[in-house]
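User: I would like a close look at one part of this model, namely its aromatic side chains. Please take the pieces in turn and connect them.

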Amino acid sequence: GPLGRGGGRLGGMPPRDNVPPPTGTARITGRVVSAETGTPIRRAQIRITSRDARINRDATTDSDGRFEILLLPASRYRLHVSKAGYVALEYGQARPFEAGKPLDISTGQSLEKIDFSLPRGSVITGRITDEFGDPVTDVQVQAMRYQFANGERQLMNAGRVSTTDDIGQYRIFGLMPGDYVVRGSLRTNPNAAMASPNAPEAPSGYPGTYYPGVADVAQAQAVTVALGQELTSIAFSLVPARLSRISGTVMSSDGRPLTGAVVVLRAAGAGGPARLNIGGGSPVRPDGTFRLTNVPPGEYILDVQQRPRDIQNLQNINLSELEFASVPVSVSGDIDGLALVTTAGVSVSGRVVFQGTNAQKATARGIQVTATAPSGMGSLIMAFAGRALGVGRVNNDGSFELRGLAGPQLIRAGGLPAGWAVKGISLDGVDITDAPFDFKPGMNAAGLLVTLTDRVTEISGTVRDSKGQAVADYVLVVFPENDKFWGAQSRYVATARPNQNGSFSVTGLPPARYLAAVVPSLENGMQNDVALLAQLRARAENFTLAEGQTLNLNLEMAPQ
């Protein structure tokens, strides 16, 4: 059912070289109240963001639940409201896990009564015990749900992580209504993996266990919470399992022990239940050996990272000399004699060029060029808080460098100035705009060219039902006629929600033949489900976009 007037996920934007944010003359006012009682919600957090205007501002409601945001420049905005214990909502969001609506604000405009009615968040509580029925403290308990991310259905954490208390009880609050898989995991002693080689190894421990008490996620039983419901007694016992040892050697690309590097283990999969390091980490000893202990059964990625001591001052580090490795391991018993060889990866330098009528005025400040695996995972090791490998900050002259690339990678450009879009990306003259390039060791390149254009496409319009009446709540899905360009990181797939006046707008699609389908609702990420696009194809309208074209579409919502 509807959630109220307004949710969604908004990421913060990186600081832009200390450039002061733009200001204007528009304002937004509104009020936040409880959906159950209608009483004002004090100190709710309001966040307003605009990608084009590069604005990320916060406000707080007063004692009457009111908020006011002043001095806004004309732009397209998203408005997000949150308060502990309530469901976080985006303006215009009517259903769980769906995008909200944008607010299009013109110069000097005053948007009033942007009101939110926040429902209480749902709650899951219960008790975690061991196989003997005794309570277990410090178990991390997560409510997880399947959602489409990086082109596949994955189990993702959907709320706050709770920790069991002295009687084994946990409480997860602020959840959207929906179906959840509850998982409990007892983190092993983080120092266990650092133990000396002669330390006694724990014969058994507790890997992640899913309600109603199973180690296999395929046997997990989903629990359903309604809007504002408190679901109690989701209790289960952890399943004990034998813990394993992983040992081996780490050698650099020139055959020397990579002394001082650290070997860490993380759960496999982008939405893996724990991206946390399992058991801390193991330093590589002078003879190149490492040893991890107390590892529960499961699928993992084993990462080798070099960690320069002078991490605060990255400018003085020759990043191209830092080596790394990343290998999948399946643990069902002890693994000994694992031989790991690290690589410095590939370094690629390039430049961003502007093509178009306003090319002289354009600035490269704030643009980032990134490399990601086709699955949507980051570069192998996004070390040093993402500042070093797989991410290139573009200099004012348009030059940049990417380091530590290995294997197939898609090159993407983000943080583009308003009114600009990617026209093409090439490496030494080969077009790699929409295809991953396989970066093989030893092939450093200097010819990565990212071409931006200000001849940007735009489609806009309205939606009517079969009786010709305007529809104010819908999701528009735009996707290419050629299914080769469907999938996770396609530049050719877009969704749009109507603004406060019921009209939609999508800018920056590459020139191509497209299909447009209107649906009543769509969960975030589902537009990347190839099976869904195949279903929508039959009732979609087709159109063609040429470079720089502005197109007005009047669409009909097909009966369901």
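Is Phe479 buried or exposed, judged by its relative accessibility?

Analyst: This is a predicted model, and within it Phe479 counts as buried, because its relative accessibility is 0%, which falls under the 20% cut-off for that class. Trp486, at 10% relative accessibility, counts as buried too. A pair of aromatic rings is described by the distance of the centres and the angle of the planes. For Phe479 and Trp486 the ring centres lie 5.7 Å apart and the planes stand at 75°, so the pair is edge-to-face, given that the angle is over 60 degrees.

Tyr514 and Phe543 give a pair of another kind, a stacked one, with 5.7 Å from centre to centre and 20° between the planes. This pair links distant parts of the chain, since Tyr514 belongs to strand β42 (residues 512-519) and Phe543 to strand β43 (residues 541-545), with the two residues 29 apart. Counted by the ring-pair rule, the model holds seven aromatic pairs.

Aromatic rings also meet charged groups here: the charged end of Arg120 sits over the ring of Tyr86, 4.4 Å from the ring centre, while Arg153 lies over the face of Tyr146, at 4.1 Å from the centre of that ring.

Technical notes. Residues are numbered from 1 along each chain as its sequence is written. This is a predicted model: local features need pLDDT of at least 70, side-chain atom pairs count only at pLDDT 80 or more; totals for chains, interfaces and linings use all residues. Side-chain values use heavy atoms; hydrogens and water are left out. Rings of Phe, Tyr and Trp (its six-membered ring) pair if their centres lie within 6.5 Å; planes under 30 degrees apart count as stacked, over 60 as edge-to-face and the rest as tilted. Buried means under 20% relative accessible area, exposed over 50%, partly exposed in between (1.4 Å probe, protein chains only). Helices (H or I, at least four residues) and strands (E, at least two) are DSSP runs, numbered from the N terminus. A charge sits over a ring if NZ of Lys or CZ of Arg is within 6 Å of the ring centre and within 35 degrees of the ring normal.
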